[in-house]
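These are my notebook entries on a structure I went through piece by piece. I wrote down what I looked up and what I found.

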Amino acid sequence: MGDQTQQFVLSLMAYAVQRGIPAQQLAEYAQLDLEALQKKEHPEISSKQLHELWMHASHLSHDPQFGLHFGEALQLSALGVVGEIMKASSTVGQAVTLAASLTPLVTELFTMEVSSSEQCFEVRLIPTAEARAYDFLTRQMADCLIIFTVHELDGLLLTKIQPKSVTFPYEVSAIEEYERVLRCRPGIGKGYEVAFSGEYWHVPIITADHALQTLLLQKVSTTAENQPSPHRSFKTSVYTYLFTNAYLGTLSLEDVAANFNMTPRSLQRRLQEEGITFKELSDSVRKSLALFYLQSGKYPLKEISYMLGYNELSAFSRAFKRWTGKAPIHFVP
């Protein structure tokens with residue numbers, strides 16, 4: 001098993017922990033050695049073990065769309081892949097084509113094909129013979145990979161991309177939730193396919209955006225608990241999710257609640273049980289990011305203000321003074 005596959009499995013388990021499932025329990029159900037996984041020393045993982053892992057993660061989280069929501073939350077890992085792809089790519093089209101060729105490193109259930117025209121480009125998942133034996137696993141993985149593809153483009157362009165169309169070879173349940181996550185109402189087609197406007201194909205990858213992504217990844221590696229832990233608090237999970245998605249701006253309460261398969265009211269209640277509100281947690285992320293960006297010396301105040309979701313520099317300055325007692329200009333190296 002390659003490092004990418006093991007990292008993918010670890011990421012799935014880490015997300016399950018965010019959803020309140022003990023990592024050790026999930027590993028035991030799937031007959032996986034958690035300690036060996038964390039050390040990247042696990043022997044080959046069978047399709048049967050992966051099937052059990054997905055089945056129990058979905059069942060224990062009470063979430064039939066676990067794969068969809070996992071793909072939505074996979075942006076930290078997506079950025080890591082994007083960072084590697086960008087070393088060999090100069091345009092979005094080149095990056096997507098290269099990413100498709102790397103799919104077998106993550107799963108044996110699909111290959112990925114990319115085609116382009118002036119009007120649009122399309123990404124198709126092609127099930128392998130292995131996929132026919134594991135219908136539940138195949139559908140969950142397809143959900144994850146399709147939304148992962150959308151987020152990959154988000155990472156390349158540092159903006160939220162809306163697909164032109166998404167199709168599955170069957171009718172999906174909870175179609176409103178798919179529409180929310182995919183930003184497009186899915187339909188029924190001959191296979192798994194997502195299409196994007198052709199205008200993105202030749203767009204250059206912005207190196208300054210990659211620098212921002214790299215900074216965030218470095219910061220997360222020192223502040224977030226990236227390995228599965230049965231002792232992780234809910235507020236820590238929400239904080240980590242807010243932080244690792246910060247490259248696209250400040251997430252709303254509704255966005256975060258949906259990721260955890262909860263209503264906004266339920267998420268607020270869970271946080272209040274741990275002595276904090278969503279606004280306080282969101283402000284804490286903004287403060288941490290503001291200090292990090294300032295100390296890096298790579299971004300002017302106006303750009304930092306914009307990255308943190310403030311329309312005016314004056315609004316950012318007031319918030320920063322409320323957090324620290326000083327104006328942000330005093331923290332510029």
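Entry 1: one threonine. I looked up Thr 138 and found it in helix 8, residues 135-157. Helices here are DSSP runs of H or I with at least four residues, strands are runs of E with at least two, and both are numbered from the N terminus. I noted that this is a predicted model, in which local features need pLDDT of at least 70, side-chain atom pairs count only at pLDDT 80 or more, and totals for chains, interfaces and linings use all residues. Residues are numbered from 1 along each chain as its sequence is written, and side-chain values use heavy atoms, with hydrogens and water left out.

Is Thr 138 buried or exposed? Thr 138 counts as buried because its relative accessibility is 5%. Buried means under 20% relative accessible area, exposed means over 50%, and partly exposed lies in between (1.4 Å probe, protein chains only). I then listed its contacts (heavy atoms within 4.5 Å). Leaving aside neighbours within four places in sequence, Thr 138 touches Leu 109, Phe 110, Ala 131 and Tyr 192.

Entry 2: I traced an open sheet of five strands with mixed pairing, in the order 1-2-5-3-4. Its edge strands are strand 1 and strand 4 (187-188), each of which pairs on one side only. Two strands pair if DSSP finds at least two bridges between them.

Strand 1 (residues 110-116) is antiparallel to strand 2 (residues 120-127), with seven bridges. The two form a hairpin with three residues between them. Across this pair, I found Val 114 opposite Val 123.

Strand 2 also runs antiparallel to strand 5 (residues 192-197), joined by six bridges. Arg 124 has Glu 193 as its bridge partner, and Glu 122 has Ala 195.

Strand 3 (residues 165-168) is joined to strand 5 by three bridges, again antiparallel. Here Ser 165 stands opposite Ala 195, and Val 166 stands opposite Val 194.

How many residues of strand 5 are buried? I counted five of the six, so strand 5 is largely enclosed by the rest of the structure.

Entry 3: two helices. Two packed helices are described by the angle between their axes and the distance between the axes. I looked up helix 4 (residues 47-60) and helix 5 (residues 66-73), which pack at about 95 degrees with axes 10 Å apart. Axes are lines fitted to C-alpha atoms, for helices over the stretch in contact, and angles run from 0 to 180 degrees between N-to-C directions. Helix 4 is therefore roughly perpendicular to helix 5, a label for angles of 65 to 115 degrees.

Helix 4 brings Trp 54, Ala 57 and Ser 58 to the contact, and helix 5 brings Phe 66, Gly 67 and Phe 70. By class, I have four nonpolar, two polar and no charged residues.

Entry 4: the core. The largest nonpolar core has 98 residues. Such a core is a set of buried Ala, Val, Leu, Ile, Met, Phe, Trp, Tyr and Cys residues joined through side-chain atoms within 4.5 Å. Among the members that touch the most others are Trp 54, Phe 70 and Val 256. Helix 8 gives the largest share, 12 residues. Not counting residues up to four places away in sequence, Val 256 touches Val 238, Tyr 241, Leu 242, Leu 251, Leu 267 and Phe 278.

Methods. Parallel < 35°, antiparallel > 145°, perpendicular 65-115°, else oblique. Nonpolar A, V, L, I, M, F, W, Y, C, P; charged D, E, K, R; others polar.
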